[in-house]
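I opened this entry to keep track of what I looked up, one topic at a time. The notes follow my own order of looking.

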Amino acid sequence: MTEERVCRRCLLFESGRGDVLEDIRIRIEKLSEKERAKSEIYEERLGICAGCEFLADGTCLKCGCYPEFRAAFAKNRCPNCKW
Ligand code: SF4
């Protein structure tokens, strides 16, 4: 039996879950400009998530979301007040 490895502090693009990431990209593209966070804000948020102790295997353990999706919404906030 092989042991499943959890990638700590990995976003989806690093954890080999490209299928989920592609679905997220399609959903983000459907957001209006008003709904969507500006790209520099999005990248800044993901940089914070990448160093966060609550990130595991592309998922935020604080809220159960995918940060790559949550961070794409202008109005969203980090559940742990990091962004
Ligand atoms: S959303 Fe907040 S708590 Fe969750 S991984 Fe990102 S920085 Fe950490």
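**Entry 1: the chain as a whole.** I noted at the start that this is a predicted model. I then listed the secondary structure of the protein chain, which comes to 3 helices and 2 strands. Read from the N terminus, the elements run α-α-β-β-α.

I looked up the extent of the protein chain next. Its C-alpha atoms fill a box of roughly 50 × 25 × 20 Å along the principal axes.

For contacts, I took pairs of residues at least 6 apart in sequence. Of these contacts, 67% join residues at least 24 apart.

**Entry 2: the ligand.** Which residues surround the ligand? I wrote down I48, C49, C52, F54, L55, C60, K62, P67, C78, P79, N80 and K82. I then sorted this shell by type and got 9 nonpolar, 1 polar and 2 charged residues. Cysteine and proline count as nonpolar here, and the list includes C49, C52, P67 and P79.

**Entry 3: G47.** I found G47 in helix α2, which covers residues 39–50. Is G47 buried, exposed or partly exposed? I put G47 down as partly exposed, because 13 other C-beta atoms lie within 10 Å, and a residue counts as exposed at 12 or fewer and as buried at 20 or more. I also looked up the separation of G47 from V20. The two are 27 residues apart in sequence, and their C-alpha atoms are 19 Å apart in space.

**Entry 4: two positive phi angles.** I kept one general point in mind: most residues other than glycine have a negative phi.

R9 is not a glycine, yet its phi is positive, at about 55 degrees. I placed R9 in the segment before α1, a helix of residues 18–29. R9 counts as partly exposed because it has 15 C-beta neighbours inside 10 Å.

C81 is another residue other than glycine with a positive phi, near 60 degrees. Where does C81 lie? I found C81 in the segment after α3, the helix of residues 67–70. With 6 other C-beta atoms within 10 Å, C81 is exposed.

**Entry 5: recap.** R9 sits before α1, and C81 sits after α3.

Conventions. Residues numbered from 1 in each chain as written. Predicted model: local features only at pLDDT ≥ 70, side-chain atom pairs only at ≥ 80, totals over all residues. Near = placed C-beta within 6 Å. Helix = DSSP H or I, 4+ residues; strand = E, 2+ residues; numbered from the N terminus. Contact = placed C-beta atoms within 7 Å.
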